[in-house]
Amino acid sequence: MSQPDRPHIRGNSEPGVMEVKPKLYYFQGRGRMESIRWLLATAGVEFEEEFLETREQYEKLQKDGCLLFGQVPLVEIDGMLLTQTRAILSYLAAKYNLYGKDLKERVRIDMYADGTQDLMMMIIGAPFKAPQEKEESLALAVKRAKNRYFPVFEKILKDHGEAFLVGNQLSWADIQLLEAILMVEEVSAPVLSDFPLLQAFKTRISNIPTIKKFLQPGSQRKPPPDGHYVDVVRTVLKF
């Protein structure tokens with residue numbers, strides 16, 4: 001595959017001109033980019049993707065100064081080249097009104113999103129481990145989901161008494177919790193059996209039109225990582 005051109009710093013469009021689509025630079029798989037795809041898709045934002053498949057592509061991005069700390073994900077949006085997953089997610093949540101109505105709601109969204117991110121990283125990192133260690137990591141992720149994370153969110157929903165985790169509108173916290181639930185269910189389908197409020201939450205959030213569309217076949221949502229994805233990541237990043 002040919003090397004990608006250096007990302008052009010494309011600013012916001014002028015009034016009456018179609019806005020430039022965000023462009024995502026990452027591997028053709030989930031990893032740390034998937035939550036970014038979820039936020040954009042939920043906001044109804046179309047985006048382009050440049051998949052990294054060779055070490056040369058990655059080195060060119062580094063040489064051109066696109067990777068602040070030498071890491072991907074990289075997102076080109078609003079005239080900026082953004083790196084660091086958490087910073088990108090925070091920016092998108094704020095930009096697309098998925099970050100609460102005030103500072104107190106925002107810090108709760110941050111807490112909940114950080115918690116689900118910790119859980120998801122246990123699953124995201126598992127495919128890169130030796131077979132036995134991989135299975136142990138996935139089993140631990142399911143155990144932690146059932147004993148630590150999901151009981152907390154079940155209680156939050158019960159105490160809050162609303163359709164969403166924070167306030168009375170959809171936020172980044174809701175989107176990322178649904179992403180986490182679906183990831184854990186891929187490892188253990190009955191994981192929500194003891195959590196009726198989370199079961200209802202999953203159904204409710206999954207039926208939001210833009211999310212429902214993202215969950216359909218043919219969307220830009222990525223499948224669980226396979227051996228090819230792992231090999232490409234190892235080759236590009238040399239680990």
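Modeller: Helix H3 (85-95), helix H4 (103-124) and helix H9 (227-237) each supply at least two residues of the lining of the largest pocket, where a helix is a DSSP run of H or I with at least four residues, numbered from the N terminus. The model is predicted, so that local features need pLDDT of at least 70 and side-chain atom pairs count only at pLDDT 80 or more, while totals for chains, interfaces and linings use all residues. Residues are numbered from 1 along each chain as its sequence is written, and side-chain values use heavy atoms, with hydrogens and water left out.

Biologist: Which helix gives the most to the lining of the largest pocket, and what volume does the largest pocket have?

Modeller: H9 gives the most, with three residues, and the volume is about 360 Å³, a volume being the space filled by probe spheres set on grid points joined across faces, edges and corners. A pocket, on a 1 Å grid over the protein atoms alone, is an open set of points with protein on both sides within 12 Å along at least five of seven lines, and lining residues have an atom within 4 Å of a point. Of the 20 lining residues, the closest to the centre are Tyr 26, Arg 32, Val 72, Pro 73 and Leu 237. By class, the lining has 12 nonpolar, six polar and two charged residues, where Ala, Val, Leu, Ile, Met, Phe, Trp, Tyr, Cys and Pro count as nonpolar, Asp, Glu, Lys and Arg as charged, and the others, Gly among them, as polar.

Biologist: Why are H1 and H6 called oblique to each other?

Modeller: Helix H1 (residues 34-42) and helix H6 (residues 172-187) pack at about 125°, with their axes 10 Å apart; these axes are lines fitted to C-alpha atoms over the stretch in contact, and angles run from 0 to 180 degrees between N-to-C directions. Angles under 35 degrees count as roughly parallel, over 145 as roughly antiparallel, 65 to 115 as roughly perpendicular and the rest as oblique, and H1 and H6 are therefore oblique.

Biologist: What makes the contact between H1 and H6?

Modeller: With contact meaning heavy atoms within 4.5 Å, Glu 34, Ser 35, Trp 38, Leu 39 and Thr 42 in H1 meet Trp 172, Ile 175, Gln 176, Leu 178, Glu 179 and Leu 182 in H6. By class, this contact has six nonpolar, three polar and two charged residues.

Biologist: Which residues line the second largest cavity?

Modeller: The lining is formed by Arg 30, Glu 34, Trp 38, Glu 179, Met 183 and Arg 221, and H1 and H6 each supply at least two of the lining residues. The lining residues divide into two nonpolar, no polar and four charged.

Biologist: What makes H5 oblique to H6?

Modeller: The axes of helix H5 (residues 131-160) and H6 come within 10 Å and cross at roughly 140°, and that makes H5 oblique to H6. The contact is made by Leu 138, Val 142, Ala 145, Phe 150 and Phe 153 of H5 and Leu 177, Ile 181, Val 184 and Val 187 of H6, which divide into nine nonpolar, no polar and no charged.

Terms used. On a 1 Å grid over the protein atoms alone, a cavity is a set of points where a 1.4 Å probe fits but cannot get out, and a pocket is an open set with protein on both sides within 12 Å along at least five of seven lines; lining residues have an atom within 4 Å of a point.
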